[in-house]
Amino acid sequence: MEIAFYSAGTIAVIATLKMLFSHDPVHGLLYLVISLLSVAVIYFAVGAPFAGVLEMIVYAGAIMVLFVFVVMMLNLGEATIAMEKAWLQPRAWVLPVILSSLLLGLMVSFLANTQPHLIGTDVSIKQVGIALYGPYILAVELASLILLAALVIAFHLGRRDEDAEGKTQ
Amino acid sequence: MTTLTLASLTPLVPVLVMSGSAVLLMLLISFVRSHLLTLLLGLTAVVAAMASMSLVGQNLPAQVTLLIYVDGSTHFYWSMILLSTLVCIGVSHAYVRSAPSFREEWYLLLLVAACGGMVLAASSHMAALFIGLELMSVPLYGLAAFALKNKRSLEAGIKYLVLSATASAFLLFGIALIYAETGSLLLAQWASLPVDSSLGLLGCAMILIGLGFKLSWVPFHTWTPDVYQGAPMPVTAFLATASKVAVVAVLVRLFIQVPLWQDNALAMLLALVGGASILLGNLLAISQTSLKRLLAYSSIAHFGYLMIALTIVAQHGSRSVWVYLATYVIATLSAFAVLSSLTGIKDDTQGDRFEALRGLYQRNPLLALALALSLISMAGIPLTAGFVGKFALFASGVASGQWVLLLLVVAGSAIGIYYYLRVVSVLFQRGGQTLTAGVNVPTLNGILIAALSFMTLAIGIWPDFLI
């Protein structure tokens, strides 16, 4: 397990550095996904599978949505097709593929053998739920208030034209 | 005390009132959009929260779950935050009236931000500290960028968002380092940090960076003038008062509960940060021609002064921090209340550029006098509240023998008198003013300004009332 922990950690560092120093935003996003996935693998290694799964769904999933947005916004004609071809040069995807297959290997080895994790036993979803709705219930409620504020701001910033909207009110 | 019962929530009633009102306001907005109604609900919420504080005040101190610890000092910080929120909401009605639509969300965001500040000031667990900080900051990003048509306002919002996120990253890293050392996120458990732990020292320094950003101490101050200038006037007032009070509250709690802060290296770091804030804040304030930028730099200097009292809270108590904070908050609120009365959300320059303020005395004598009074109080001239605050700082500085910092405070105050009085003299100068028409002050603003000016004078003349 310690080997898994350290190798996932190394992958996270490499991927994050590559993300920081990549000139192309799409390549940067690719490395960001790998960085987040390796953090998820670290969660699995230390025995917090629920946090690991959440990390994958929420963060890596959100980046995928960003990806789709970039493609949607740029998918406008011949020029962008050429650009997308340029993104998919082997130089760009070989390292991400190697890194993510290493992560996949680590994940498979977790699922295959059941040796104890770094902190002993897994933290189950039930335990997480009991903690969240027991001593940390106030934190959950306050986090929902943050989301309310963020939602209101997104609504305010995202609307089209305040003068036109004002007339329809 | 880890589980939640209805009775154990009693000390939290003021926070519950604020958050409940925010939800109520959201429901109100979705059914009826009425500017006046939202204003009234906002004001009622803050007043009700203040009233509930005195009702639940007898069974203190109290621990509510793991996260929140409410005691007498928390009540002081809460009342400062609520006072700031009350003034910000009060002056908002006239200010956002000129917005074309969607004025109601403004009040919702202010209530949520105040709620976050209250949680932050009462946090006894790092989860509450972080969530409180974010709950206070997230609405402020939106409020700073609220005037969408104004490029400066958008810029202020983005700057505050990006730099706040960076500061939060530092804060989280610091918390993680100390967690690695102590194995606990409870503030009470952090007292056991060994004095020679290098991880602990690094963690404390990173927490200082994260929180010092909000107080705009010197290496982390660069956002302050731009955000102050770009954000709408009542939001700037909130940033300068409530948000800083809440962060000071949590810093005081950290300094008192974690003995590691008394370490020599950290004490040196704090003194350096404080001294640099005093010098840079005052020197850069001299050349400003925008009042909001001037107030931004002067707030940097003010929190540099506060460092004198902050570093010794563990030995000498936090009384002088409170006195200084109260006088600073009242003077700042008063200045921003006056400036908000001069401007609207579409254009802030009327209350910002010196040229626009020239001859304000001829246009509205009472308003000019109130602004002059608040500036004189910030300069720390006797018979105003600011003098009492400076006096309290000095007394604690002398008692603890921080001579270098005291010398800097003297020098800083001397520079401060120059640039504050320069603004005051602009207010009374004749001529050079294109707008010769009188200024109408909305009734609510007038009442608030009068009350704040009265407090400034009352504390200055009868300081026993506060000390």
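Over which residues of chain A does pLDDT stay under 50? Those are residues 164–169 of chain A, for which the model has seven contacts beyond four places in sequence. Here pLDDT is the predictor's confidence in each residue, from 0 to 100, and two residues are in contact if their C-beta atoms, placed from the backbone, lie within 7 Å.

This is a predicted model, in which local features need pLDDT of at least 70 and side-chain atom pairs count only at pLDDT 80 or more, while totals for chains, interfaces and linings use all residues. Residues are numbered from 1 along each chain as its sequence is written, and chains are lettered from A and ligands numbered from 1 in the order in which they are written.

**View 1. Chain A has eight helices and zero strands.** Helices (H or I, at least four residues) and strands (E, at least two) are DSSP runs, numbered from the N terminus. Of the 169 residues of chain A, 21% count as buried, a residue being buried if 20 or more other C-beta atoms, placed from the backbone, lie within 10 Å of its own. Among contacts in chain A with a separation of 6 or more, 70% join residues 24 or more positions apart.

View 2. For chain A, the mean is 81, and 85% of its residues reach 70 or more.

**View 3. Chain A meets chain B through 22 residues of chain A and 31 residues of chain B.** On the side of chain A that touches chain B, helix 7 (137–158) and helix 8 (162–168) each supply at least two residues. Helix 7 of chain A gives the largest share, 14 residues. This side of chain A has 15 nonpolar, four polar and three charged residues; Ala, Val, Leu, Ile, Met, Phe, Trp, Tyr, Cys and Pro count as nonpolar, Asp, Glu, Lys and Arg as charged, and the others, Gly among them, as polar.

**View 4. Helix 7 of chain A passes helix 5 of chain B in a left-handed crossing.** Left-handed means that the near helix is turned anticlockwise from the far one by less than a right angle. The axes of helix 7 of chain A and helix 5 (residues 126–144) of chain B come within 9 Å and cross at roughly 15°, so the two helices are roughly parallel (angles under 35 degrees). Axes are lines fitted to C-alpha atoms over the stretch in contact, with angles from 0 to 180 degrees between N-to-C directions.

Note on methods:
Parallel < 35°, antiparallel > 145°, perpendicular 65-115°, else oblique. Buried ≥ 20, exposed ≤ 12 C-beta atoms within 10 Å, placed from the backbone.
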